[in-house]
Amino acid sequence: AGMTGTADTEAYEFHQIYGLEVVGIPTHKPMIRKDHSDLIYLTAREKYDAIVKDIEDCYKRGQPVLVGTTSIENSEYLSQLLKRRKIPHEVLNAKQHEREAHIIAQAGRPGAVTIATNMAGRGTDIVLGGNLEAELAELGEDAPEELKEKVRREWQKRHDQVVAAGGLHVIGSERHESRRIDNQLRGRSGRQGDPGSSRFYLSLQDNLMRIFASDRVAALMQKLGMEEGEAIEHPWVTKAIENAQRKVEAHNFDIRKQLLEYDNVANDQRKVIYELRNELLAAEDISDILDAVRRDVISEVVDKHIPPDTFEEQWDLDGLEQTLRNDFGLDFPVKQRLEDDPELQIEQLKEEIVAAAEKAYKEKEQQVGPEVLRQFEKSVMLQILDNSWKEHLAAMDHLRQGIHLRGYAQRDPKQEYKREAFYMFSSMLDNIKHETISVLSRVQVQSEADVEAIDEQRRESAPHEMHFEHAEASAVTEEEAMELLEENNGEVAVERKPFVRAGRKIGRNEPCPCGSGKKYKHCHGKLS
């Protein structure tokens, strides 16, 4: 469970994606903040002029103001406008971390003007009249009680003055794509039953308005005879903007939902791999697993060279013998065995090859000892599993980047991604089996030192922290140059001269001068 003041607008997503219910809890004290309708202007310049006039009016009346902007650039632009009007103010844009706590603490004082971006000062209460606790903390614990009482009386006086002026006034310079962020800005005023007010100023040049309010709206406003500085204000307009925000939120929700569905494909595969890895780590002896894997791998190799339900002319017996020799270090005369016994079935042939492979492996086990080989088997399989999984994740990312192009072929990219991912995952598991049996069949384990070397190699394959640094280089002085010249016995480097061709350049398509009759590009002028 969690608690936040702005989750109500995202209740549908919480339920759809995470299966969580959102419950609205009533406020402890009645909320008496006045949320005014939005004001919409034709241009951004008119909008900012109106914002500055509103700030100036609040400043003269002693009402604290919090101005929310969408970017640092906008906050600095507003700051320049206020400086021209000589209105004292503070800017919160996450550039001055040390002063921000102090600025927020005093943002509720009478006539205080604070310009803030979305990220600045979040999660803090702006106390009307200033932060009393911060002022008492500055006095220190040893301060006399009379001084503390004086500070409390002064704060109460400021608090009553701000309440009489209407509380904290919040100004939004632009609507965001998400209603939740607008609610967060509004929610800094009218906390704990305090009075307050809020208003958003918009223009048809804002990002949200440019997307959803077309040029026809601007043309309509001009036809209605709206002069410069006039604004549209109506609850219907505010409702239309909130509907536009809902459309953007729904679009962003679809993007996140689709991203989650793609991630679920990799997550299902991750569960299989991690479960297999945990089983390997927990097991003391994986010889039974390897026996089953060996049987499957050899069966697949035989089926590849001797496909079921085919004629003998289609069999690749030489290729089968070569694969057994190269991949498994097994000299098994497949062709000779079939010639000696024409009635031999393929399944019997597989059993004989598996028996020969197991016999060779048992001999290896007797040479080095069961304990050493068990540890070596585990280390090899874990290393191959880890490397294959890392390569598979990289291949999945590569597939993900271009899978949307399948949509041009009238195919669902999501279904195509699932199908391709399943094929790649199955192929990876087959490769892990094949490579593990191949390595264990061909490797020659001498002692426990070889096993420890494999473990060390697996640990070192993890990425280490890298350090990048520039080597210091300085220009050679005249004295150093003379010393270098003396060390080289006074020899001076000969100046290199450009190559000059004696005759004319031979064209690539001309006959070669050697008399072969070929073109120059196919004879002596052939690129190496």
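Modeller: A residue is called buried when its relative accessible area is under 20%, exposed when it is over 50%, and partly exposed in between, using a 1.4 Å probe and protein chains only. Arg 210 has a relative accessible area of 51% and is therefore exposed. The model is predicted: local features need pLDDT of at least 70 and side-chain atom pairs count only at pLDDT 80 or more, while totals for chains, interfaces and linings use all residues. Residues are numbered from 1 along each chain as its sequence is written, and side-chain values use heavy atoms, with hydrogens and water left out.

Arg 210 belongs to helix α8 (residues 207-212); helices (H or I, at least four residues) and strands (E, at least two) are DSSP runs numbered from the N terminus. If neighbours within four places in sequence are set aside, Arg 210 is in contact with Leu 204 and Gln 205, contact meaning heavy atoms within 4.5 Å.

In β3, 5 of its 5 residues are buried. In a regular strand the side chains alternate between the two faces of the sheet. Both faces of β3 are covered, with Val 65, Val 67 and Thr 69 buried on one side and Leu 66 and Gly 68 on the other.

Strands count as paired if DSSP finds at least two bridges between them. β3 runs parallel to strand β5 (residues 113-117), to which 5 bridges join it, and Val 65 stands opposite Val 113 of β5. A further 4 bridges join β3 to β6, again in parallel, and here Val 67 faces Ile 171.

The buried residues of α7 (residues 179-186) are Arg 179, Asp 182, Leu 185 and Arg 186. They lie on the same side of α7, because they cover an arc of only 120° around the axis, the arc being that of the directions from the helix axis to the C-beta atoms.
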